[in-house]
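Subject: Structure handover

Hi,

Here is the structure I promised you. Please open it alongside this note. My findings follow below.

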Amino acid sequence: MKVTRRGMLAGAAAVGAAGVIGRPASAETPGKPKERRTPVEFTWFGTHAWQIRCGEHVVLTDPWLTRFHTGTFTPEGADPKTKLVIDKTVIDKHLGKADAILVHHGHYDHLSDVPYVAAKTQATVLGTQTHVNLLKAMRTQADLLSPVRGGEYLVFDGFTVEVYPSLHSCGGKRHTYAYPGYHQDAVPPRPRVIEDLVEGGTLAYVITIGGLRILSLSTANFDPHALRDLQVDVVLVAPGGEPGVTDRLLETIKPVPTALATHWDDFDKPLAEPGVPWTDLTPLRTSVEKTGARFVLLDLLQKISL
């Protein structure tokens with residue numbers, strides 16, 4: 001179902017300058033004094049590319065800004081032989097400092113720009129062994145790469161990162177997803193086309209920064225055993241996947257005040273133009289709001305402070 005941006009936003013109760021839809025979060029829990037903390041700024045660059053900033057500390061998730069044409073959301077689907085390219089100009093325009101880059105899975109719309117962003121920022125790059133091997137094959141500086149697999153608790157200057165095993169969304173009659181595979185044992189030949197960037201395992205991360213706990217999920221799917229009763233303040237949620245997956249997610253973790261929509265845009269469209277949904281976002285919004293959480297929808301390049 002094709003949904004225009006106008007149709008997606010029609011009927012919203014309120015749309016703020018940052019694209020926030022729905023009821024405001026309560027400032028404090030009844031009977032509990034409001035805790036003072038440093039505001040955390042979220043900037044969305046489409047797909048699952050987020051900049052999370054608190055003061056001088058910056059975390060990037062799956063920073064893919066180049067957005068080359070693939071045909072992913074056409075009836076024919078993506079051309080697996082689409083060449084990988086990096087637009088350094090658009091990256092330089094929007095990204096500067098970073099302390100950590102969190103790779104959630106290895107697909108082209110998550111990993112392609114990481115080699116250049118890592119070199120530019122000298123940030124620590126976290127990902128599975130497959131992601132690390134793919135990045136080495138793409139000539140990424142080896143001493144920036146840190147393989148993780150879930151269970152790690154990592155302390156950085158100004159924030160912490162907890163790593164959790166996760167799952168990629170699947171769909172269709174056979175419950176599959178594009179470009180599965182691993183390169184755990186050796187560095188592969190240099191990736192040239194999008195099918196060379198295999199999923200390589202999927203991770204979730206909890207970033208604690210400025211007193212805020214953020215669960216970052218790059219697809220609609222998740223590992224319920226890993227996230228059982230997890231307590232966070234913000235969750236990044238994506239549409240798609242099997243029916244009811246967001247309902248199951250929000251039943252698995254403890255009640256969360258705020259959900260930010262992620263990976264909802266047709267990423268063949270330019271970054272400088274308004275985002276175009278690749279699917280109807282109503283089910284995602286409904287799943288979030290029926291739990292009492294606030295649903296936040298940012299457009300491309302928009303920011304919000306929480």
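Contact here means heavy atoms within 4.5 Å. Angles between axes run from 0 to 180 degrees and compare N-to-C directions. With that in hand, look at α4, which lies across β4, β5 and β6. It runs at about 165° to β5. One caution: this is a predicted model.

The open sheet

Seven strands make up an open sheet. Their order is β7-β6-β5-β4-β3-β2-β15, and the pairing is mixed. Strands β7 and β15 (303-305) stand at the edges. Each has a single partner strand, so one side of each is left without a neighbour in the sheet. From one strand to the next, the twist averages 20°.

Some pairings to check by eye:

- β4 (residues 57-61) and β5 (residues 100-102) run parallel and are joined by three bridges. L60 stands opposite I101 in β5.
- β2 (residues 41-44) and β3 (residues 50-54) run antiparallel, with four bridges. Here T43 faces Q51 in β3.
- β2 also joins β15 through three bridges, again antiparallel. F42 has I304 as its bridge partner in β15.

The hairpin of β2 and β3 has five residues between the strands. Within that hairpin, G46 takes a positive phi near 85°.

Helix α5

Is α5 enclosed or open? Seven of the nine residues of this helix (residues 129-137) are buried, so it is largely enclosed by the rest of the structure. Buried means under 20% relative accessible area. The buried residues are T130, H131, V132, N133, L134, L135 and A137. They pack against two helices, α3 (108-111) and α4 (114-121). They also pack against two strands, β6 (124-127) and β7 (145-147). After α5 comes R139, which has a positive phi near 70°.

Strand β9 (residues 159-166) is mostly covered. Seven of its eight residues are buried. On one pairing, β9 meets β8 (residues 153-156) in the antiparallel sense over four bridges. L154 has V161 as its bridge partner in β9. These two strands form a hairpin with two residues between them. G158 sits in the turn and has a positive phi of about 95°.

β9 also pairs with β10. Those strands run antiparallel and are joined by eight bridges. S166 has T202 as its bridge partner in β10.

The largest nonpolar core

This core holds 89 residues. Which members touch the most others? F42 and L215 do. Strand β10 (residues 202-209) gives the most to the core, with six residues. F42 is also the residue whose bridge partner in β15 is I304.

For a quick tour, start with α4 across β4, β5 and β6. Then move to the buried residues of α5. Finish at F42 and L215 in the core.

Best wishes

Technical notes: Residues are numbered from 1 along each chain as its sequence is written. This is a predicted model: local features need pLDDT of at least 70, side-chain atom pairs count only at pLDDT 80 or more; totals for chains, interfaces and linings use all residues. Side-chain values use heavy atoms; hydrogens and water are left out. A nonpolar core is a set of buried Ala, Val, Leu, Ile, Met, Phe, Trp, Tyr and Cys residues joined through side-chain atoms within 4.5 Å. Buried means under 20% relative accessible area, exposed over 50%, partly exposed in between (1.4 Å probe, protein chains only). Two strands pair if DSSP finds at least two bridges between them.
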